[in-house]
Amino acid sequence: MSVPRPADIPRSAGLLDRQSVRNSPSARTSHRQEKDMSSKRLPRALAVTTTLVTMVSAHLLMVPKPAHATFGTADVKPIESNIAAKPWAAATAASSPSSACLAIDGDPTTSWQPDGAGARQWLTVDLGGTYDNLRKVKVLFPDRGVAHRYVVEASTDGRRWRTIADRSHNRALSRGEVHLFTRPATRFVRLAFTGGPGRARAGVSELQVFNYLREDLTLGADLSWMDDVQDQQYWVDPLAEDRGAGPHLLDVAKDRGMQHTRLRIWNEPRSESTGRPTPVPRQGPERSLTSAKWIKQRGMGLGIDFHYADSWADPSKQPKPRAWAELAFTDLSQAVYDFTADYLKRLIRQGTTPEKVAVGNEIINGFMYGSEAAHIGTTNPPYFVDQADIYQSQPGGGLLWKYWRSTDPVERQLYDQSWDRFTTLAAAGIKAVRDASPTSKVEIHVIVDKDKLAKTMEFWHQFLTRVKAKGQNPDVLAISYYPEWHGTPEALDLNLNTMATTHPGYEIDIAETAYPASGGDGSPLPNSPYPRTIQGQADAIRRVFQTANDVVDNRGSGVLVWEPAGYQPMFRAVPGLANTWEPHASINVFNASRAKHILQDTVYTATVVGAAPKLPSSIRMLTTANNKITPVPVRWQPLSPGATDRPGEVTVTGTTGTGPVTAVIDVLPSHGEHDVSTS
């Protein structure tokens with residue numbers, strides 16, 4: 001993340017000089033301009049059906065209470081993604097393959113219609129990669145009043161298939177069905193028709209395959225500012241007799257579902273404007289050792305984010321630490337190694353080994369700028385420019401993107417040389433992590449600016465090729481995502497999957513994200529559909545979780561929200577209680593995004609004009625903790641009078657102890673023979 005965003009943090013937070021300097025409107029405007037310039041940065045007729053259900057104990061049929069929340073309201077539902085509808089999914093078929101895509105286009109009015117009818121017709125969806133937490137397949141057929149007979153199968157490789165639903169002897173008239181299953185490492189889902197009575201024919205309107213949030217997707221936050229606000233109290237519910245978790249920020253964070261905390265490390269914390277050491281060296285190496293202890297004491301994962309700077313480092317500014325500013329390049333490379341290795345050894349000695357270490361912060365434009373800054377044209381931070389004789393006296397690791405596509409030999413040489421210097425420094429940092437803390441994963445963290453994916457892909461090509469040639473390799477490729485600078489959620493989907501498919505073998509992270517719960521009269525941020533409300537904040541962050549979870553081959557490994565107690569905060573100061581903070585209801589997104597139970601949430605059936613439909617007294621439910629599918633009772637709302645008096649479609653809502661269910665009833669003409677059993 002870039003510079004402080006102090007306008008969102010109250011004075012009581014005890015902020016550093018760098019924050020008060022940035023607190024003026026003109027300074028904030030300037031900062032946004034810097035970001036822009038530097039590419040910075042989802043009737044009674046039913047009585048016979050429901051008599052049994054009404055005998056079930058009431059507690060089974062209660063709709064779950066909203067998760068406990070303190071300030072505001074937010075309805076956070078478990079994440080569910082139809083992977084078959086993603087741009088990287090594709091469909092093939094036994095016949096009429098050109099129309100197979102209509103079965104995964106999200107439009108039930110279009111369908112794949114094969115050349116022949118009956119058996120031996122099949123439709124296969126390739127999800128683009130394997131997924132471990134697919135749990136539900138929904139099938140919708142184009143024809144009403146037909147008993148479709150088919151089998152649904154899953155495969156990892158498209159050659160060996162396992163049946164997940166067998167309807168080869170189906171007699172019920174049904175326009176579709178929801179099938180629950182558990183089959184890790186599924187990439188292909190196939191529906192094969194096995195024939196059917198009378199006028200049954202093949203064809204599929206929709207074949208949807210749903211993915212759910214994996215348990216091993218790490219959700220957390222960068223909470224480095226806890227060093228600044230050590231005297232504040234945080235409680236889950238400070239106004240209740242039982243205040244819940246607290247009083248430390250980390251107590252609430254862990255209780256609300258955050259699993260991992262990242263700490264930024266400044267070499268020698270200095271004022272971003274003057275370059276002088278800050279009175280209290282917050283987020284420096286010494287104080288961060290204490291923060292690391294707090295994190296590990298609570299059993300949370302620890303991430304270390306080396307800025308290799310004395311103040312903020314991001315795409316618009318990457319100043320060298322003052323102590324290294326005048327080092328010759330070979331000495332600078334050694335300093336990177338020594339500082340990284342020594343600090344990690346200190347962490348390990350105190351029992352706080354980090355799970356992940358970022359070598360640099362948002363380094364799309366390189367880091368530790370030196371004399372090459374004259375080519376880059378950077379004007380930040382002020383001390384880097386004002387003291388150019390010191391900070392720009394020796395070469396550093398800045399990238400000369402201005403010469404990226406140049407055909408001039410001299411400019412191409414400058415471009416290549418900048419890449420060599422940058423990756424030499426980065427390789428030194430990676431090697432230091434490998435040597436000092438071999439169990440820690442190494443992350444390289446950049447950005448994908450709006451409509452600039454090509455630049456980031458050039459970065460990964462150059463970076464990975466060169467560091468591997470130097471004997472090093474990271475584990476995690478990470479980006480920041482803030483919609484106002486980095487584009488729509490759909491662009492984020494594309495960016496992550498392009499990275500994953502172009503560079504297989506690496507984990508993919510969203511190292512930073514955030515979204516405001518207020519401001520702008522509630523209007524969405526640029527490039528976002530979500531209002532600036534507590535609900536909108538939850539939805540926006542949930543959408544980022546979903547994107548990371550949907551990366552092919554389960555390669556999305558984590559998402560961190562950036563400084564949720566300070567920037568675009570998920571907390572507020574409690575009115576009337578001094579020095580006391582509570583979370584927004586949106587913070588429940590960390591816990592509530594994971595599905596514990598998955599319902600057969602849609603029931604398709606049929607009846608004839610004037611007859612009451614036969615709705616099931618129970619539906620199926622999959623429990624994710626043990627992968628068991630069990631029946632759960634359902635209570636249906638009564639049909640409205642005359643609902644089946646004419647042909648058409650009727651929907652009825654049902655209630656279970658886990659969530660709502662919908663019945664879609666096709667009302668068929670009374671002439672002809674219709675078997676409306678519910679096999």
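Colleague: Where is the place of Pro-381?

Modeller: Pro-381 sits in the loop between helix H8 (373-376) and helix H9 (382-386). Helices here are DSSP runs of H or I with at least four residues, strands are runs of E with at least two, and both are numbered from the N terminus. This is a predicted model, where local features need pLDDT of at least 70, side-chain atom pairs count only at pLDDT 80 or more, and totals for chains, interfaces and linings use all residues. Residues are numbered from 1 along each chain as its sequence is written, and side-chain values use heavy atoms, with hydrogens and water left out.

Colleague: What kind of peptide bond joins Asn-380 and Pro-381?

Modeller: That bond is cis, with omega about -10 degrees.

Colleague: Why is Met-368 called buried?

Modeller: Buried means under 20% relative accessible area, exposed over 50%, and partly exposed in between (1.4 Å probe, protein chains only). Met-368 has a relative accessible area of 0%, so Met-368 is buried. Met-368 lies in the loop between strand E15 (366-367) and H8.

Colleague: Why does Asn-627 count as partly exposed?

Modeller: Asn-627 has 38% relative accessibility, therefore Asn-627 counts as partly exposed. Asn-627 also has a positive phi of about 65 degrees, although Asn-627 is not a glycine.

Colleague: And why is Ala-454 called partly exposed?

Modeller: The relative accessibility of Ala-454 is 45%, so Ala-454 is partly exposed. Ala-454 belongs to helix H12 (residues 453-469).

Colleague: Which residues does Ala-454 touch, not counting residues up to four places away in sequence?

Modeller: Ala-454 touches Trp-404 and Arg-405 on that count, where contact means heavy atoms within 4.5 Å.
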